[in-house]
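Please consult the sequence and the structure shown below while reading.

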Amino acid sequence: MGKIITLGVMLCLGAACAEVKSQDAWEWHDGSALPQEGRGFSDTATPYVRIPDRLRGNCSGAVWGLSRNSSGICYRFSTDSRQMRVKWTVGDPVLSTHNMTGAGRSGVDVYGWDEGTKTWRFVKGSRPKKTDNEISFPWTPGRPCMIYLPLYNEVVRFEVGVLKGSKVAPLPPRASGVSKPVVCYGTSITHGASASRPGLSWTAQAARRADVPFVNLGFAGSGKMEPSMLDVVAEIDASLYVLDCLWNMSPKLVEERFEPFVRELHRRRPTTPILCAEDCSTFRDRTEKGIMVEKIVAKLKAEDPVAWKDLHFIPNTEQMARDCEETVDGCHPNDCGMRQMGIGFGNRYKQILGLK
């Protein structure tokens with residue numbers, strides 16, 4: 001017998017789905033009303049920026065400008081719709097740069113949960129050609145969805161469309177049991193350069209690997225551990241703080257700022273673990289600044305083993321394979337480098353947080 005196709009329903013034959021064209025068939029959900037993760041503050045000017053206006057005085061001009069980028073902000077939900085559409089508008093018409101693809105700098109990235117492998121799988125990316133963009137794709141009803149926002153552009157508008165009558169619901173708590181985010185403070189590499197897609201930044205990959213939420217406080221060229229940035233980092237109630245600032249700091253700045261920053265962060269959040277990272281390198285086993293930080297960590301742990309039991313250090317030998325194929329320019333990781341960093345940091349998250 002034939003089936004009657006009503007407005008808002010599409011005919012699915014196996015994996016092939018006829019796209020619904022009628023605008024009347026869709027319900028649109030604004031980003032301000034969707035289940036969101038990755039924003040460390042609830043009182044930002046829009047749902048797509050990373051630092052609220054009240055903390056502007058705590059940031060350098062560079063950090064403040066880069067905090068408008070939506071890196072790390074994502075949406076996690078389920079829907080019984082058989083098709084989805086995503087619309088977004090970015091503020092900067094420069095959609096790509098010399099070391100960032102348009103998809104990574106200005107695009108969105110869709111992942112779906114694979115129940116068989118118990119992992120998130122890439123479903124749909126984007127190739128933005130203008131500031132206003134839209135993608136559409138079929139969806140398996142009930143499949144959990146995760147959508148990452150652009151790494152290096154400001155989002156002005158974000159909407160998800162589902163077929164009329166479909167439901168959108170937040171996902172249940174993670175199987176890991178971790179609800180507080182891992183907060184990553186650092187450089188352009190933490191920010192996401194030079195992943196080809198938002199979901200391939202090392203911060204996103206490490207979080208998926210460990211099954212934890214995360215907040216990205218990476219600011220290109222500006223992860224310098226200014227004392228005033230403590231107010232930004234420490235205000236977020238984290239499961240773990242990751243400090244990955246060495247690429248932006250001279251040895252002199254490391255000597256002046258690293259230990260005081262760690263001491264004060266620990267004073268404000270005495271029960272939250274801190275992971276100090278060496279500057280990644282595909283060429284060298286160790287770096288001068290990394291060795292300096294390792295000695296600071298060892299000094300603090302020796303000073304009071306109980307108080308500093310949750311202070312950790314990750315060398316760059318756990319971040320990259322050092323095969324000289326992992327960067328776009330000798331510094332910023334390409335997708336190969338980002339994958340290696342995601343594995344290294346993700347494994348450390350699991351170890352520190354006691355996850356399987």
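Leaving out residues up to four places away in sequence, H191 touches R50, L66, N69, S71, L151, Y152, N216, G218, F219 and A220. The model is a predicted one. H191 belongs to helix α3, which covers residues 188-191. Because its relative accessible area is 0%, under the 20% limit, H191 counts as buried. With the side chain of N69, the side chain of H191 makes a polar contact at 3.2 Å. A polar atom of the H191 side chain also lies 3.0 Å from the backbone oxygen of L151.

L151 is likewise among the residues touched by A195, together with M100, T101, G104, L200, S201, P333, D335 and M338, again not counting residues up to four places away in sequence. A195 is located in the loop between α3 and α4. A relative accessible area of 0% makes A195 buried. R50, which is one of the residues touched by H191, lies 19 Å from A195 in space, C-alpha to C-alpha, and 145 residues from A195 in sequence.

W139 occupies the loop that runs between β9 (132-138) and β10 (144-148). Is W139 buried or exposed? W139 is buried, because its relative accessibility of 5% falls under the 20% limit. Its contacts, neighbours within four places in sequence set aside, are T79, S81, R82, Q83, M84, V110, Y111, G112, V123, P144 and C145. A polar atom of the W139 side chain lies 2.9 Å from the backbone oxygen of R143. C324 is 39 Å from W139, C-alpha to C-alpha, and the two are 185 residues apart in sequence.

| Space | Volume | Lining by class |
|---|---|---|
| Largest pocket | about 710 Å³ | 11 nonpolar, 4 polar, 9 charged |
| Second largest pocket | about 190 Å³ | 6 nonpolar, 2 polar, 3 charged |
| Largest cavity | about 80 Å³ | 9 nonpolar, no polar, 4 charged |

The largest pocket has 24 lining residues, and W113, K118, T119, W120 and R208 are those nearest its centre. Two or more lining residues come from each of β8 (119-124), α4 (202-210) and α8 (335-353).

Which residues line the second largest pocket? Its lining consists of P35, E37, R76, L171, P172, P173, R174, G177, V178, S179 and P213.

A search of the whole structure finds 1 cavity of 30 Å³ or more. The largest cavity is lined by 13 residues, and M146, Y148, R174, A207 and V212 are the closest to its centre. Elements contributing two or more residues to this lining are β10 and α4, and α4 supplies the largest share, 3 residues.

Two of these names link the spaces to one another. R174 lines the second largest pocket and is also among the residues closest to the centre of the largest cavity. Helix α4 gives two or more residues to the lining of the largest pocket and likewise to that of the largest cavity.

Conventions: Residues numbered from 1 in each chain as written. Predicted model: local features only at pLDDT ≥ 70, side-chain atom pairs only at ≥ 80, totals over all residues. Heavy atoms only, no water. Helix = DSSP H or I, 4+ residues; strand = E, 2+ residues; numbered from the N terminus. Buried < 20%, exposed > 50% of the residue type's maximum accessible area, 1.4 Å probe, protein only. Contact = heavy atoms within 4.5 Å. Polar contact = N/O pair within 3.5 Å; in protein donor to acceptor, adjacent residues only side chain to side chain. 1 Å grid on protein atoms, 1.4 Å probe; cavity = no way out; pocket = protein on both sides within 12 Å on 5 of 7 lines; lining within 4 Å. Points joined across faces, edges and corners; volume = space filled by probe spheres on them. Nonpolar A, V, L, I, M, F, W, Y, C, P; charged D, E, K, R; others polar.
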